[in-house]
Amino acid sequence: MAALLHLRLNSSILPSSSSHPSLRRRPCRRPAAPSTRISAKIREIFMPALSSTMTEGKIVSWVKSEGDRLAKGESVVVVESDKADMDVETFYDGYLAAIMVEEGGVAPVGSAIALLAESEDEIPLAKSQASSSSSSSSSSAVPASPPPAEAPASTTSLQTLAPSPPEPSPVAASSSTHPASDGGRIVATPYAKKLAKDLKVDLAGVAGTGPMGRIVAKDVEAAAAAAVASVPSAPSKAVVGSVAAKAPTPLAIQLGTVVPFTTMQGAVSKNMVESLSVPTFRVGYTISTNALDDLYKKIKSKGVTMTALLAKATAMALTKHPVVNSSCRDGKSFTYNPSINIAVAVAIDGGLITPVLQDADKVDIYSLSRKWKELVDKARAKQLQPHEYNTGTFTLSNLGMFGVDRFDAILPPGTGAIMAVGASQPTVVATKDGRIGLKSQMQVNVTADHRVIYGADLAAFLQTLAKIIEDPSDLTL
């Protein structure tokens, strides 16, 4: 659900702020003639708080333009918070009179980003008010960082290492698909829009595969690839040259360029620094995965993912060791969390986010797998709601798919423990009868808050987890 747009109403005919605490009065500028009575209603649109940790927001794009008529419930602006991009709606009718923070600008929560006029006649007054407001202060928004300066001719970028492909023609809509639109507006993620601009792809003809038909980056890339494939390449004397011409152009990266953090990277950086104040320790454990691998092969065709199996096994173990699911926030007490919500780290464009499988111990493995796929799709489209990424009580971080056999994870602030999961690998072991055997084993390392959780607690938890994974029949109940 999109966030509701926050507005403040300025009018000489409104009730006092004490009678309506959600409105903030601000005097309107009057024309030169003192006898003229002002009865205009001009509302301030201000930066909303989209999460409990958000202190400022970035304007990704304005869905509406100055002068456009707005109806209650319409999306007006896309705002990037510290974890997601959210469409922000208005709950007033009116006209978008003046935009005070342009696309790419950053504004503190609660500061004005635009003005909404009740009628077209009040638009000039609103524009005047916006101009006087911007001239009387330096700016309520932090300007976006300027793009890196172009490299001199002598500088070589990665883009120059391969010939550029033929310029793709705008992609036409396929007769078998329906492009994502909402009342004539293209519904696409901000990154997909930027990518479409760079690759010269017409979003009007792209079918979205994201949540609610939203166009995501992979849709744009597929459309660009299809457009390039449809353009016949020019004859070339060298086979290598013709192949390179069909290859996608590598991303242009200027070596030595200083790149400012995105909003998400800034949030991750802040959390990582905050985690340094927590005294942590680590405990590792080796778990045999033959039985889990066999179970996965049997139920994979039903949509079950290995991530869901690991989350389910972890949640079941936590039910027997509630202290490992606890958290300490003030350094003076700790909380036994009433729910077991497994957060799983996911790498996305420009950062890291932890979608949460809520009540993972109570949800069956098939529903849990469907929910996980939904969360991942929303995360990559930057459409997660705050409760879908900030309610975790225990975190999983899995690098096994990259062949990493072991690693340590940093404890997220506000949680008690995080488990790093390595790859399952064939290992030569000694069997109980003294013979040499082969088993698949994985290494898990748990980082925990030592103010609350002790070594014996983690050891007992890992023993329980190993028993569940090595005999996973209960995971499908």
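Select Arg 69 and Tyr 95. Arg 69 lies over the face of Tyr 95, at 5.0 Å from the ring centre. Next, take Arg 43 and Tyr 92. Here the charged end of Arg 43 sits over the ring of Tyr 92, 3.8 Å from the ring centre. The criterion: NZ of Lys or CZ of Arg within 6 Å of the ring centre and within 35 degrees of the ring normal.

Some ground rules before moving on. This is a predicted model, in which local features need pLDDT of at least 70, side-chain atom pairs count only at pLDDT 80 or more, and totals for chains, interfaces and linings use all residues. Residues are numbered from 1 along each chain as its sequence is written, and side-chain values use heavy atoms, with hydrogens and water left out.

**Confidence**

Colour by pLDDT, the predictor's confidence in each residue, from 0 to 100. The chain averages 76, and 73% of the residues score at least 70. Now select residues 8–39. Their pLDDT is below 50, and the model gives this stretch 57 contacts beyond near neighbours in sequence. A contact means heavy atoms within 4.5 Å. Then select residues 233–250. The pLDDT stays under 50 there too, with 14 contacts beyond four places in sequence.

**Whole chain**

Switch to cartoon. The chain has 9 helices and 21 strands. Both are DSSP runs numbered from the N terminus: helices are H or I with at least four residues, strands are E with at least two. Of the 477 residues, 42% count as buried. Buried means under 20% relative accessible area, exposed over 50%, and partly exposed in between. Among contacts between residues at least 6 apart in sequence, 66% join residues at least 24 apart.

**Aromatic pairs**

How many aromatic pairs does the structure hold? It holds 2. Rings of Phe, Tyr and Trp (its six-membered ring) pair if their centres lie within 6.5 Å; planes under 30 degrees apart count as stacked, over 60 as edge-to-face and the rest as tilted.

Select Phe 334 and Tyr 336. The ring centres are 5.2 Å apart and the planes meet at 70°, so this pair is edge-to-face. Phe 334 is partly exposed, at 38% relative accessible area.

Now select Phe 394 and Phe 461. Their centres are 5.7 Å apart with planes at 55°, so this pair is tilted. Phe 394 lies in strand β18 (residues 394–398) and Phe 461 in helix α9 (residues 455–470), so the pair ties together parts 67 residues apart in sequence. Phe 394 is buried, at 0% relative accessible area. Phe 461 is buried as well, at 0%.

**Helix α9**

Stay on α9. Its 16 residues should span 22 Å at 1.5 Å a residue, and the end C-alpha atoms are 22 Å apart, which agrees. The expected span is 1.5 Å times one less than the number of residues. Show the buried side chains, among them Leu 458, Phe 461, Leu 465 and Ile 469. The buried residues of α9 pack against β13 (280–288), α6 (290–299), α7, β18, β19 (417–421) and β21 (436–449).

**Helix α7**

Select residues 306–319. This is α7, with 14 residues, reaching 20 Å from first C-alpha to last, close to the 20 Å expected. Buried or exposed? Mostly covered: 11 of its 14 residues are buried. Lys 312 is one of the buried residues, along with others including Leu 309 and Met 316.

**Three loop residues**

Go to Thr 335, in the loop between α7 and β14 (342–344). Thr 335 is partly exposed, at 43%. Beyond four places in sequence, Thr 335 touches Ser 326 and Ser 327.

Jump to Ala 207, in the loop between α2 (190–199) and α3 (217–230). Ala 207 is partly exposed, at 22%. Asp 219 is 12 residues away in sequence, and 7.1 Å away C-alpha to C-alpha.

Finish at Asp 359, in the loop between β17 (356–357) and α8 (365–380). Check the backbone: phi of Asp 359 is near 50°, a positive value in a residue other than glycine. Most residues other than glycine have a negative phi. Asp 359 is partly exposed, at 26% relative accessibility.

Definitions and conventions. Buried means under 20% relative accessible area, exposed over 50%, partly exposed in between (1.4 Å probe, protein chains only).
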